[in-house]
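Reader: I'd like to learn how to read salt bridges. Can you walk me through some?

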Amino acid sequence: MAKKKSIFVCQNCGYDSPKWMGKCPECEKWNTMVEELDLAKMGSKENTRERGVYSRPKSLAEITFTGDTRYPTRNEEFDRVLGGGIVPGGMILLGGDPGIGKSTLLLQTTEALGNQGYKILYISGEESEQQLKMRGERMHVKSENISFLSEINIPYLLTIILEERPDIVIIDSIQTMYSPDITSAPGSVSQIRENTGALMQLAKKDNISMVLVGHVTKDGAIAGPRVLEHMVDTVLYFEGEKYHAYRVLRGVKNRFGSTNEIGIFEMTENGLESVANPSEMMLDSRPKNTCGSVVVPCIEGTRPLLIELQGLVSATGFGNPRRMATGMDYNRMVLLMAIMEKRLGIQMQSVDAYINVVGGIKVDEPALDLGVIAVLYSSLRDFQIPGDLMILGEVGLTGEVRNIQHIEKRLIEGKKLGFKRCIIPKGNQKGLKVAGMEVFPVDNIRSALDILL
C-alpha cells in the first residue's frame, strides 16, 4: 500500500507547498495554507479523475456533428447571455451573492425546460427534500420531467446520474459536494477541483449538460481555485443589490457565445421576469430639470442601452477630498478629473466628487468618458443639461474626443425614447444618417462644454 503524503494547499488560489507557510507566495494571503493529501503521488484507486473509461483518438472525419443544437430556456434574457440556450454536454458555472436569485432563476429555467420534454435532475447539497418541495411549490414548479435529490456524496451522485440519464443536471452548490476519497473538508481546493473534474468527465463523455452554482467571496469572485473557471465552458455572474428589484446576469466566459451580452431581470412576487426594454427601465425615475444628470447611450454586446449618469461635486470639509464611483471604474473617474483640471483649468483639489450609474449597472465602456466630465461640470457650475440631449464620446489625455463604435445604433435607440439631440465625436459624423436626431460633433472637451453652456 502506498504511503499517503500530504501537502499544504492555499484555499484562495490553489498554490501548493510541501511545508506550511503563514503567507501564500502566490496570492499573498495570510493563513490560507491547509494540509491535504497529495493526490498526484497516490495510487489510481484513490484518484477520482482516473475512474472511468478513456476515449480513443478519432480523426475529424470520424467525429459526428449534428449542428449547433441547444436547449432553449424560453427566457429571452437568459438565452441571450448563453448564446441561444444550454449546449448539450456543456458545463455552466453560475455565481452570485447570497439571496440574489440564483436558485430562483434555475428553478424557473428547469420548469421551462421540463415543459419542453427535457429530463432534469436538480441536486441540492444545502436544502433537504422538504425544503426543495416548499420552494418548488412557491415557484409553481409542476413539470413531471424534473427530479430532485438532496445529496453531497460525489461517487453516489455519479452513479445516480448514469442511472437516470438526464439531459441537464443542476448542482447547488459545487462547494457543498464531498468525495470520501479526499480527506479535506467540503469547499476546499482539492474537493472542488477533483469533484468538478469528475463531473466534467461525465458531462463530456455522456453528453449531459451541467449547471454548477458557485459561492462567492467577499470580493465578489467565485470561491475556490481559479482553475475552476478554466475547467467549465461558461461562467456567469448574477449581479445586483438583493434589496433592489433589478438583477443583471453577465457572462465573463462563454465558449459557445459572446461574453459581452448581459441579461436584465426584475424580481417580482412570481420570481424573476425578463425586462423587455431595459433602456426604458433605466430612465423610468429620471429626475427632471436638475443639475448633474445626463443620459449616455452604451452598447452591451449587440444591444444598445441608455443609462442615466449622475454626478455630484461639493466643497470638501477635510484636507483630502473624497472621490467615489458607483457603476464605473474609480481610476477612470480620477483620470477624467485630472484631464478637467489640466485642460480646462478647473481646480478639483478642493471639492468632493461622486459618480453614480443609476440602476445597479456596471459600465466599462470608454463612451462614458464625455458624459462623466459633463455631469461633474454641470454640478460644479450648477447648470442643467437639457433633458432631450444625450452625450457620448471617449476622452484622451490631451482632452480630445475620440471616435466610438456603433454610433448609429446608439442614436436610433435614443430616438425611440424621445431624445432629439446628441453630442458625438467629430470623427463619427461622416456618413451618419439618423432622421429626427440633431447631432453636435465635437473634437475636444472644451467645445463640448461650450455647447452645454
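Reader: Is Glu-365 buried or exposed?

Author: Glu-365 is buried, at a relative accessible area of 18%. Buried means under 20% relative accessible area, exposed means over 50%, and partly exposed is in between (1.4 Å probe, protein chains only). A word on the source: this is a predicted model, where local features need pLDDT of at least 70 and side-chain atom pairs count only at pLDDT 80 or more, while totals for chains, interfaces and linings use all residues. Residues are numbered from 1 along each chain as its sequence is written, and side-chain values use heavy atoms, leaving out hydrogens and water.

Reader: Which side chain meets Glu-365 in a salt bridge?

Author: Here's the general idea: side chains of opposite charge can pair when their charged atoms come close. A salt bridge is a side-chain nitrogen of Lys or Arg within 4 Å of a carboxyl oxygen of Asp or Glu. For Glu-365 the partner is Arg-410, at 2.4 Å, N to O. Arg-410 sits in helix α10 and Glu-365 in the loop between β16 and α9, so the pair ties together parts 45 residues apart in sequence. Helices (H or I, at least four residues) and strands (E, at least two) are DSSP runs, numbered from the N terminus. Arg-410 is buried too, at 2% relative accessibility.

Reader: How far apart in helix α3 are Glu-137 and Lys-133?

Author: They're four residues apart, so about one helical turn separates them. Their side chains form a salt bridge at 3.1 Å, N to O, and Lys-133 is exposed at 54%.

Reader: How many salt bridges are there in the whole structure?

Author: A search finds 15.
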